[in-house]
Amino acid sequence: MRIFSGIQPTGAKHLGNYIGAIRQYVDGQDRGDPAIYCIVDLHAITVPYEPAQLRERVLDTAATLLAAGLDPARCVLFRQGDVREHSELSWLLTSVTAVGELNRMHQFRDKSSAQRELVSAGLLFYPVLMAADVLAYRAHEVPVGEDQREHIELMREVARRFNARFGEGLLEVPEGRIPTVGARVMDLQEPTRKMSTTGGSAEGTIYVLDEPKAIEKKLKRAVTDSEDPFTIRRDPATKPGVTNLIDLTAVARGTSAEEVVASLEGARGYGDLKLAAAEALTAMLVPVRERYVELRADEPALEAVLAEGAEKARALAAPVLADVRAAMGFS
Ligand code: AMP
Ligand code: TRP
């Protein structure tokens, strides 16, 4: 089972990234043969960015992933821009990708309407590069959060169309792996919106590297509801805030949502739920933060991990590209 996933090099990863994606990456290391994880700096240039900061953000992200439990001996961790096969396959795949499909992607619609100046062609082609990331390794499984479902569907379609046009079995049609709990962590202040670096509220976003005090404060102020008398139960439609807190606590404790609800039977109000969430989440995140500080301080070591990962990644992608080029009529 070959596993592949990608994550953007933004400095501060939030709880949605951690629960929806990073935790799954760590689990995947034991199942993956291999598990391949890519920091997608080529995707980062589709919106305005600072060249001088890009490398720093990549290292921030690498250190976060290692602190969360990725082990370079048990996975392939690398930077997308180091492996040219991604760019090359991306262009080759444009021949079997419809502009209409790209134009309909929700993420493109959201991100393009948020741009003040230039809506880059890269933003439209973002899902093609993402398809190339996965297809270049003939990966079977792609762990992501709920918001990537549409992109996964598209890459499956691109792979099928490529195989139908150039030869069955050339590319693997991958499956998304979306967690059952925590696939869509909601903003604490606006619990009907997903937690996000760009779209969310600062108060409602918990970062993996937040100090325990900040985590407690944000949870204390989390929006719940005014049901009278208060009830602690899961109901995403009418109680999004409470549901989010229950789910977060369940994931952090490693138990089910039902068990969290049962454990709060004698609660005196939503304050007790917030306290339980704060306790569980700080216990989960404090060790990650501590390891991060140590790892981030050693840039040469981080660069060495990424360089070694890139070499392994190239060795995996090169034969796939050779097959693709030959099937498409290149020498
Ligand atoms: P990004 O930082 O945009 O590259 O996202 C990295 C991963 O985090 C992707 O697999 C996303 O699907 C996942 N993700 C982002 N936001 C959330 C969220 N609020 N809840 C769950 N997963 C998320
Ligand atoms: N688009 C993904 C996100 O925003 C990141 C990503 C890039 C990715 N390439 C990928 C995820 C390949 C999975 C597989 O989160």
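For the residue classes used here, Ala, Val, Leu, Ile, Met, Phe, Trp, Tyr, Cys and Pro count as nonpolar, Asp, Glu, Lys and Arg as charged, and the others, Gly among them, as polar. On that basis, the shell around ligand 1 holds six nonpolar, eight polar and four charged residues. Welcome to a predicted model of a protein with 331 residues.

**Overall shape**

- The protein's secondary structure amounts to 13 helices and five strands.
- Its radius of gyration is 21 Å, which agrees with the value near 20 Å that a compact globule of 331 residues would have.
- Along the principal axes, the C-alpha atoms of the protein fill a box of roughly 70 × 45 × 40 Å.
- Of the 331 residues in the protein, 51% are buried.

**The site of ligand 1**

- There are 18 residues around ligand 1, and those that come nearest are Gln-8, Lys-13, Gly-145, Asp-147 and Val-185.
- Asp-147 places a polar side-chain atom 2.4 Å from an oxygen atom of ligand 1.
- Val-185 takes part through its backbone: one of its polar backbone atoms is 2.8 Å from a nitrogen atom of ligand 1.
- On its own, ligand 1 has 490 Å² of accessible area, and the protein covers 90% of that.
- Helix H1, which spans residues 15–31, gives the most to the shell around ligand 1, with four residues.

**The site of ligand 2**

- Around ligand 2 there are 13 residues, with Gly-6, Tyr-126, Met-130, Asp-133 and Gln-148 coming nearest.
- Tyr-126 has a polar side-chain atom 2.7 Å from a nitrogen atom of ligand 2.
- Asp-133 likewise has a polar side-chain atom that lies 2.7 Å from a nitrogen atom of ligand 2.
- In the side chain of Gln-148, an N or O atom is 3.1 Å from a nitrogen atom of ligand 2.
- Ligand 2 has 360 Å² of accessible area on its own, of which the protein covers 90%.
- Two elements give two or more residues each to the shell around ligand 2: strand S1 (3–7) and helix H7 (121–135).
- H7 gives the most to that shell, with four residues.
- By class, the shell around ligand 2 is made up of seven nonpolar, five polar and one charged residues.

**Cysteines**

- How many disulfides does a search of the whole structure find? The count is zero.
- Cys-38 is in no disulfide, and the nearest cysteine sulfur to it belongs to Cys-75, 12 Å away.
- A disulfide needs two cysteine sulfur atoms within 2.5 Å, so the 12 Å between the sulfur of Cys-38 and that of Cys-75 rules out this pair.
- Cys-75 is in no disulfide either; for this residue, the nearest cysteine sulfur is that of Cys-38.
- Is Cys-38 buried or exposed? Cys-38 is buried, because its relative accessible area is 1%, and the cut-off for buried is under 20%.
- Cys-75 counts as buried too, at 4% relative accessibility.

Methods: Residues numbered from 1 in each chain as written. Chains lettered and ligands numbered in written order. Predicted model: local features only at pLDDT ≥ 70, side-chain atom pairs only at ≥ 80, totals over all residues. Heavy atoms only, no water. Buried < 20%, exposed > 50% of the residue type's maximum accessible area, 1.4 Å probe, protein only. Near = heavy atom within 4 Å. Polar contact = N/O pair within 3.5 Å; in protein donor to acceptor, adjacent residues only side chain to side chain. Areas by Shrake-Rupley, 256 points an atom, 1.4 Å probe, with all protein chains shown as cover. Rg over C-alpha atoms; globule rule 2.2 N^0.38 Å.
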